[in-house]
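Dear colleague,

I am passing the structure below on to you, and my notes on it follow directly after. Please read them with the coordinates open beside you.

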Amino acid sequence: MNSIKNVPARVLSRRGGHSLEAEREQFDKSQAVSISKAINTQEAPVKEKHARRIILGTHHEKGAFTFWSYAIGLPLASSAILSWKFCHVLHKVLRDGHPNVLQDCQRYRSNIREVGDLWGHLHDRYGQLVNIYTRLLLTKISFHTKHLEFPPGLEVSDEVLEKTAGTDVNNIFQLTVELFDYLDWELKLSESVFRQLNTSMAVSQMSAVQCRLAPLIQVIQDCSHLYHYTVKLMFKLHSCLPADTLQGHRDRFHEQFRSLKNFFKKASDMLYFKRLIQIPRLPESPPNFLRASALAEHVKPVVVIPDEAPEDEEPENLIEISTASTTEPQITSDVFEQTFGPPNGVRDDRDAQIESLKKEVDMLRAEMEKIKLEAQRYITQLKAQVNSLEGEVEEQRKQKQKALVDNEQLRDELERLQRLKQDSDRSQRLCAEAEKKANATEIRYTKLKEKHSELINTHAELLRKNADTAKQLTVTQQSQEEVARVKEQLAFQVEQVKREAEMKLEDQSVQLEQLRQELDTRREELEQAQRSLGQAKQVGAELSAQVEALNTEKELLRRSVSEKECELLSTRGLVEEKELQLSQEVDKATREIHELQGRLLEKSNQEQSLQQQLLDEQFGILQETVREAEGILRDAVAKLDDPLHIRCTSSPDYLLSRAQAALESTDALENGHAQYVASMAADAAGLVGALALFTHLTADTIVNGSATAHLAPTDHADRLTETCRDCGQQSLGYLGQLRDKQTVGRAELGAVRQALQGVLQLAQELRPKSLDIRQEELGDMVEKEMASTSEAIEDAVRRIEEMMSQARSESSGVKLEVNERILNSCTDLMKAIRLLVMTSTNLQKEIVESGRGAATTQEFYAKNSRWTEGLISASKAVGWGATQLVESADRVVLHTGKYEELIVCSHEIAASTAQLVAASKVKAEKSSRNLVKLQECSRNVNEMAANVVASTKSGQEQIEEKDTMDFSGMSLIKLKKEEMETQVKVLELEKRLESERVRLGELRKQHYGLAGAYDAAEDGEAKPAPAPRRGILKKPPLAQKPSPVEP
């Protein structure tokens, strides 16, 4: 979109100061109408005229304040289509609106994120698209806020891109990663839209399909720029860094290239996009970043938006010059004249002048709109022509690059021929012919060089013509006919140059093939000559070798006699020399033996000193470990009297597991201590590791013992606290014995074990007694509870059918319709719950069969008591919720209950079924078919519960009568009085609402406390928990998930 030009000063001078408020009110009203028409719940694409008015409004007020003031009030959480259209309009406003829109949208990032998170958690087709679209918008806002050089429309020149990237490799690397993330979200949105269209076999001419496809126009515009910038930056990175470092970047780019090409291909095949946007075509293969010359082959993809068709309505004027300002004065003047007549009985000429000026202004406004439309069409046409000319220039650059490459190849061939010529000159007579042929090739190369220079001259002439045409293009933007004529001339010249270049390239290729053939023949002739020469040399060498061999044999025979005589004399001298050498070597060996014995003594002394140093270091490591362990234990003992630790709580089961682990760690500590004492600190690693484990487990036991004591009865709490303190003191005493070398061998763990056993015994006593009693009965209770839940659901379905028959006989009209709708939705909900309970029962059987092994079912349930209790609690909650839902529906049908009760019951039963599903999923395998079926049943229950809520709300709206508010007959004082009374009622209701919310929070706290501190009996009554200690504030325990049992 083009930005709005400034309003002429002569128009602003005619506007009165008193009309500013009326103009602002008219502007707000027009923006509100455009926003409401653009963002609605109809499954149809956003009309361009409404979006254009919103964008013009941002330019008028230099920001998006008015847009966001109305957008915040939209019920985006009620409709996914409404949220989808809101994201589409916001995308268009970011791209084409005023530059200050980006700052205004930065303030509302949390609102955009909340909309996306809300619809991301719901299983809605539009909701998933809204989730991805909001993430794209947040990424877009963050990127352009960080890099202000890139406008939201992403239209920057290559110089600006180079300046933004800079020369620092780290900045270029980071900018490339951010562009990759940006393009990923664009492609994810397009893939999600096409995935939904493929599953529904949609046609692009349907309004519902166009509603999904409309935002992809902005996505195509963004993707074209992002692809061009990533290619530029990737080539720049490869010029600075090695190829192996950028392997991940190349893989990510190739994946995005394939996705983007597939997206452009699918979009170009749709009729909806063919009339709205001209989609560029990407090359068949991605650019080769390992070859720097491939950058010249890259062509920037250009998106062209065709001229828009004229709309039926006239576009609203952005600037209201005189309509709003003159309406009110004219009405008052007409009333005055009707009552008292015109002043002095004569009509002022200024009124006629004002009317004529209004007509002139309207005519000028219409002409200005026409001129704007024509200018916009003309600009788009010129842009398309410029893009086509740029494409032709890029093709000429490619041809130039190819010619340079061919020239380099010819030069390499020439150098090879010259080397062959030098080798052939050194050879014999046959090389003369090769020299002649080389001279012939040089002559041919000069001819080729002349032709290449001619090609360069023609290319230079073509570049000059291209520059002339560019100049002509800038000059002829005022005249369309001259541009078309220049384009035709340039196209004709380019075709001629192409034909000439192709012919010359064909001649060069033919000549190159001839040169290669001649080179091959020369090589064969040279090899034959070398073979014949080698054979001749070999024969001569054999003859000369035979003659020399005979001569040498004679000389050897003569010399052998004299040599043997000399050898006899020399051997005598050698024997004497060797005797002297042996005596010298014996003396040297004795001296070396004495030296080695001295070194051995020194080594033994050093080894003893190192051994003693090692012992000291081992003992030092042990002392540091003991010091740290004492600090940990003292900190844990201090937690027993720390007032800040009072609100921390723990369960006896967890304390039991911690104490058992600490007691087991004493065995490893005792073994490590025995090894250390036996070897006298040869290796303290075992003792140090066991000591660290023992310290952490003992400190954890003391801290959790203190936390468990906060929820225990007074007697047990005091005993548990003292036992934990005694455990800490005994552990510190044991560590004190390890600090001294004299007492380290006498350190014992008996007192520490006794203290830990005391903590273990108290934790066992604090465990709920009902768990021990029902260990053997848990398996039967699970089956009984599931059976009772199924019976409760069957009874609920039967009662709903009875209520439906009773409602048909006792009511009629709207009430009968509402009751049938509510009861039908309740029946569907009960059927879905019954299917979920049956699926959960099958999944439990599968879990038991796969996990019990050789044990029985009752033993499996007893072993996994926490999980079993969760199943029992969840099944009871489902049965109770079904009963309450039926009773609420009965009261609603009999008009003795409230519709809100039915809504709350539906929410409660959905939560109970979710608890049952969660408890069943704990031990199920991911590949289980029953688990997949259970999840489908859970989603079905949620949908049925939502249907119950929707039918209840619609029925409530139909039955309840709403009073019409007519205040036309009230006076000013009475209206003020009614307003004050209404304000008093609003304050009272707000105060009551706040108190009820506080009460609800306290009820939930008490419910969580009872769920953790009470043990439910079989009859459903709760037993009271032990009384808390005096003077201690007790925090409700947290709900614990059932821990999976290790197989």
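Leu 154 is buried, its relative accessible area being 0%, and in this predicted model Leu 154 also has a positive phi of about 65 degrees, although it is not a glycine. Leu 154 sits in the loop that runs between helix H8 (125-146) and helix H9 (158-165). As background, most residues other than glycine have a negative phi.

A second residue of this kind is Lys 62, which is not a glycine either and has a positive phi of about 55 degrees. Its place is in the loop between helix H3 (48-61) and helix H4 (65-71). Whereas Leu 154 is buried, Lys 62 counts as exposed because its relative accessibility is 55%, and the cut-off for exposed is over 50%.

The other feature I looked at is the pairing of helix H12 (residues 216-240) with helix H13 (residues 247-268), whose axes come within 11 Å and cross at roughly 150 degrees. That angle makes H12 roughly antiparallel to H13, since angles over 145 degrees are counted in that way. The crossing of H12 and H13 is left-handed. On the H12 side the contact is made by Leu 216, Val 219, Ile 220, Cys 223, Tyr 227, Thr 230, Val 231, Met 234, Leu 237 and His 238, and on the H13 side by His 249, Arg 250, Phe 253, Phe 257, Leu 260, Phe 263, Phe 264 and Ala 267. Sorted by class, the residues in the contact of H12 with H13 are 14 nonpolar, three polar and one charged.

Finally, some values for the chain as a whole. The secondary structure comes to 30 helices and zero strands, and of the 1047 residues of the chain, 35% count as buried. Among the contacts in the chain with a separation of 6 or more, 81% are accounted for by residues 24 or more positions apart.

Terms used. Residues are numbered from 1 along each chain as its sequence is written. This is a predicted model: local features need pLDDT of at least 70, side-chain atom pairs count only at pLDDT 80 or more; totals for chains, interfaces and linings use all residues. Side-chain values use heavy atoms; hydrogens and water are left out. Axes are lines fitted to C-alpha atoms, for helices over the stretch in contact, and angles run from 0 to 180 degrees between N-to-C directions. Helices (H or I, at least four residues) and strands (E, at least two) are DSSP runs, numbered from the N terminus. Angles under 35 degrees count as roughly parallel, over 145 as roughly antiparallel, 65 to 115 as roughly perpendicular and the rest as oblique. A crossing is left-handed if the near helix is turned anticlockwise from the far one by less than a right angle, and right-handed if clockwise. Contact means heavy atoms within 4.5 Å. Ala, Val, Leu, Ile, Met, Phe, Trp, Tyr, Cys and Pro count as nonpolar, Asp, Glu, Lys and Arg as charged, and the others, Gly among them, as polar. Buried means under 20% relative accessible area, exposed over 50%, partly exposed in between (1.4 Å probe, protein chains only).
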